[in-house]
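Visitor: I am new to this structure. Please show it to me, and then I will ask how you know what you say.

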Amino acid sequence: MDYDMLVIGSGPSGRRAAVQSAKLGKSVLVVDRGRRLGGVSVHTGTIPSKTLRETVLNLSGWRERGFYGRGYRVKQDISVGDLVERLHKTLDHEVEVLQHQFMRNTVKSARAAVKFLGPNKVSLTSDTGDYSEVGFANALIAVGTRPHRPREVPFDKTRVFDSDEMLELDRLPRTLTVIGAGVIGVEYATIFSALDVPVTLVEPRNSILDFVDREIVDDFIHQMRDRGMTIRLGSAVKEIRSKPDAAEVELADGRTIRSEVVLYAAGRTGNVGSLGLDVVGIDADSRGRIKVDPQSFQTSVPNIYAAGDVIGFPSLASTSMEQGRVAACHAFGVPLPPPPETFPYGIYAVPEISTVGQSEEQVRESGAAYEVGVARFRETSRGHIMGVNTGFLKLLFSIETRRLLGAHIIGEGATELIHIGQAVINLGGTVDFFVNNTFNYPTLAEAYKIAGLDAWNRMGRG
């Protein structure tokens with residue numbers, strides 16, 4: 001059978017492209033080789049790690065420690081079983097919602113491995129070996145990524161784990177070393193630290209999270225160290241050894257870190273190996289990423305698109321969804337307005353980090369005159385009520401136009417609060433919006449007014 005749109009992968013970009021195509025009246029088939037729909041996002045990435053984070057914060061009483069002290073816990077002995085129970089409930093719900101969404105929109109789905117036979121045909125092979133061929137007018141490659149697993153790292157799911165395998169721990173480690181301080185590495189490192197597991201974070205580069213405003217990153221590193229985490233920046237890993245009683249990480253400078261478990265979280269690789277891309281002439285780089293046109297998400301083959309993590313940065317579920325929608329609309333000739341220049345990033349570490357627009361480093365590089373406004377959460381009444389001792393909001397304004405250029409938040413609720421900054425930036429709002437508008441009181445969002453006034457006091461009335 002032939003389809004108007006074949007979607008390979010059912011993660012955020014694949015799901016959104018499938019539903020968008022169906023809403024345009026097109027016939028759609030989604031093929032995923034996973035046991036259930038949802039892709040990496042639902043089963044090993046976004047949803048599991050955020051669910052794990054929420055469960056840890058609730059059971060550990062982390063949010064209440066500002067009041068009751070660092071020794072406070074809601075549940076004294078937290079087991080992996082406690083964490084997994086909520087995880088499975090959440091995943092079941094996500095899959096159910098997705099299945100219903102496909103059913104409502106008459107999107108067909110199949111579980112199989114896909115291989116290109118030409119620019120308009122693929123083969124499908126099921127787990128049981130059933131083979132079929134399907135024709136398509138357009139296709140979207142949305143296969144996502146998997147953890148990068150170098151040959152020299154002794155992954156064994158006993159001492160040395162990748163980020164997917166961390167969800168299968170049979171008990172909480174007494175000590176943990178995390179290699180790689182990218183988004184995934186810092187999320188897992190801080191989540192386990194919130195469970196009072198001693199964590200060492202190792203990063204070969206001298207800096208972390210380079211796309212985030214430096215002041216936010218400096219505060220984040222300070223908070224991690226303040227609660228007892230060991231952070232080794234500029235430390236290349238020479239060798240990882242899995243021993244019966246511990247894992248050893250030998251660094252290039254000669255030091256050795258011993259811990260019960262090692263999480264290797266240094267990069268990810270596109271799941272493109274079995275797709276037969278060479279048959280249609282699509283190239284992937286050494287990390288399995290596919291190059292696309294940034295406006296349409298077309299690959300080098302015009303009727304085959306790619307979206308989501310498999311095309312690389314920014315690799316966010318939110319941006320992947322939008323990429324899938326844009327690709328589907330382009331495939332069927334539906335014009336879309338250009339996307340807004342800015343979109344928010346969310347890092348679900350403990351504490352949360354979220355950012356939108358330009359960092360102070362980027363504004364400085366542009367040469368534009370600017371002013372900064374800062375509000376610390378502890379300055380807000382809501383912050384006091386919640387027992388929040390840390391966290392702040394930083395706003396950057398153009399002195400010439402008074403417009404908001406960037407908003408950067410570290411602390412409780414950062415990924416929710418960032419959308420106020422996003423709206424103001426994309427609607428061309430100025431510092432005067434924050435000064436002249438009323439915010440609910442007491443809220444953390446009131447920090448926008450405090451930060452706005454902080455900048456306004458130095459900028460004047462304009």
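Guide: Let us start with Glu203, which is buried. This is a predicted model: local features need pLDDT of at least 70, side-chain atom pairs count only at pLDDT 80 or more, and totals for chains, interfaces and linings use all residues. Residues are numbered from 1 along each chain as its sequence is written, and side-chain values use heavy atoms, leaving out hydrogens and water.

Visitor: Why is Glu203 called buried?

Guide: Buried means under 20% relative accessible area, exposed over 50%, and partly exposed in between (1.4 Å probe, protein chains only). Glu203 has 6%, so it counts as buried.

Visitor: What does Glu203 touch, leaving aside its neighbours within four places in sequence?

Guide: Its contacts (heavy atoms within 4.5 Å) include Gly180, Ala181, Gly182 and Arg232. The Glu203 side chain also reaches the backbone nitrogen of Arg205 at 3.0 Å.

Visitor: Which residues does UniProt list for "binding site"?

Guide: The unreviewed entry lists Gly180, Ala181, Gly182, Val183, Ile184, Gly185, Val186, Glu187, Glu203 and Gly267. They span 88 residues in sequence, yet no two of their C-alpha atoms are more than 13.9 Å apart, so they gather at one spot. Such annotations may be inferred rather than shown by experiment.

Note on methods. A polar contact is a pair of N or O atoms within 3.5 Å; within protein, one must be able to donate a hydrogen and the other to accept it, and residues adjacent in sequence count only if both atoms are side-chain atoms.
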